[in-house]
Amino acid sequence: MKMIVGLGNVGPQYDGTRHNTGFMVVEEFAKKHGISIKTRKMNAKMGSAFVNGQKVLVVEPTTFMNDSGIAVKPLMSYFEIENKDVIVVHDDMDLPIGKIRIKDKGSAGGHNGIKSLINNLGTEHFSRIRVGIAHPDKNNTVVNYVLGRFSKSQLPEFKIATDNAVNALEDWLDDVTIPELENRYN
């Protein structure tokens, strides 16, 4: 079994915010493959199905972003999923809107959700799809920016990133290696 984890914050006040990019991508993936992310278990909502012949668990932690690892680690243990079979989708301010970057390990880079995963998993060795949300302008704080929504003019570029991230997830389930994914999408 493989696990796709989207990072975000729960609650209607966070729907559609930049910080919920991970949720938005995995929800688009789930919609495309008829997966209902409704089962609640161990601080997460999840759904599962076979995609490209591969059993996949799609997960949205119901903890807040900064505690994502509290949900993911117990699910990995329960379902006996190894780090190599997990991919995490999250927002990244260091990338422009419309761009994604895939990598198989690395530091948190200031992202508190990734920091929580690293702390709870005890390693930086898990794959990620970073989805660009760009930096706030000088009139915006980081918190207000990430908890804000994309402007109407930004939505077409965000849709490109979402589509590319969903395609990358499908390729990953087809056993395309992370280096190959990096070459295709980075």
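This is a predicted model: local features need pLDDT of at least 70, side-chain atom pairs count only at pLDDT 80 or more; totals for chains, interfaces and linings use all residues.
What does Arg184 form with Asp171? Arg184 forms a salt bridge with Asp171, and the closest N and O atoms of the two residues are 3.0 Å apart. This pair links distant parts of the chain, since Arg184 belongs to helix α6 (residues 178-185) while Asp171 belongs to helix α5 (residues 155-173), 13 residues apart. Asp171 counts as buried, because its relative accessibility of 16% is under 20%.

## Other salt bridges

Side chains of opposite charge can pair when their charged atoms come close. The count of salt bridges in this model comes to seven. One of them joins Glu60 to Lys45, where the closest N and O atoms are 3.5 Å apart. This pair, too, links distant parts of the chain, with Glu60 in strand β4 (residues 54-61) and Lys45 in strand β3 (residues 44-51), 15 residues apart. Glu60 counts as buried, at 1% relative accessibility, whereas Lys45 is partly exposed, with a relative accessible area of 22%.

A further salt bridge is the one in which the side chains of Asp85 and Lys84 meet, at 3.3 Å from N to O. Is each of these two residues buried or exposed? Asp85 counts as buried, at 15% relative accessibility, but Lys84 counts as exposed, at 57%.

## The nonpolar cores

The largest nonpolar core holds 36 residues, and of these it is Ile4, Phe29, Ile129 and Val131 that touch the most other members. Which helix gives the most to this core? The answer is α5, which contributes eight residues. Apart from this core lies another one, of 21 residues, among them Leu7, Leu57, Met76 and Ala108.

The surroundings of Ile129 can be described residue by residue, if residues up to four places away in sequence are not counted.

## Thr21 at helix α1

Thr21 has its place in helix α1 (residues 21-32). Thr21 counts as buried, because its relative accessibility is 0%, which is under the limit of 20%. A polar atom of the Thr21 side chain lies 2.6 Å from the backbone oxygen of Arg18. Leaving aside neighbours within four places in sequence, Thr21 is in contact with Leu7, Asp91, Val131, Ile133, Phe150 and Phe158.

## The largest pocket

Rolling a probe the size of a water molecule over the atoms shows where empty space is left. The largest pocket has a volume of about 450 Å³. This pocket is lined by 24 residues, of which His19, Met93, Gly110, His111 and Asn112 are the closest to its centre. Which strands and helices each supply at least two residues of the lining? They are the strands β5 (86-92) and β7 (127-132), together with the helices α3 (112-121) and α4 (142-146).

Most residues other than glycine have a negative phi, and most peptide bonds are trans. Met42 has a positive phi, near 50 degrees, although it is a residue other than glycine. Asn43 likewise has a positive phi, in this case near 60 degrees, and is a residue other than glycine. Met42 lies in the loop between β2 (39-40) and β3, and Asn43 is also found in the loop between β2 and β3. Met42 is partly exposed, with a relative accessible area of 30%, and Asn43 is partly exposed as well, with 42%.

Gly148 lies in another loop, between α4 and α5. Is Gly148 buried or exposed? Gly148 counts as buried, at 16% relative accessibility. Not counting residues up to four places away in sequence, Gly148 touches Gly16, Thr17 and Arg18, and Arg18 is the residue whose backbone oxygen lies 2.6 Å from a polar side-chain atom of Thr21. The C-alpha atoms of Gly148 and Leu75 are separated by 30 Å, and these two residues are 73 residues apart along the chain.

Key: Residues are numbered from 1 along each chain as its sequence is written. Side-chain values use heavy atoms; hydrogens and water are left out. A salt bridge is a side-chain nitrogen of Lys or Arg within 4 Å of a carboxyl oxygen of Asp or Glu. Helices (H or I, at least four residues) and strands (E, at least two) are DSSP runs, numbered from the N terminus. Buried means under 20% relative accessible area, exposed over 50%, partly exposed in between (1.4 Å probe, protein chains only). A nonpolar core is a set of buried Ala, Val, Leu, Ile, Met, Phe, Trp, Tyr and Cys residues joined through side-chain atoms within 4.5 Å. Contact means heavy atoms within 4.5 Å. A polar contact is a pair of N or O atoms within 3.5 Å; within protein, one must be able to donate a hydrogen and the other to accept it, and residues adjacent in sequence count only if both atoms are side-chain atoms. On a 1 Å grid over the protein atoms alone, a cavity is a set of points where a 1.4 Å probe fits but cannot get out, and a pocket is an open set with protein on both sides within 12 Å along at least five of seven lines; lining residues have an atom within 4 Å of a point. Grid points are joined across faces, edges and corners, and a volume is the space filled by probe spheres set on the points.
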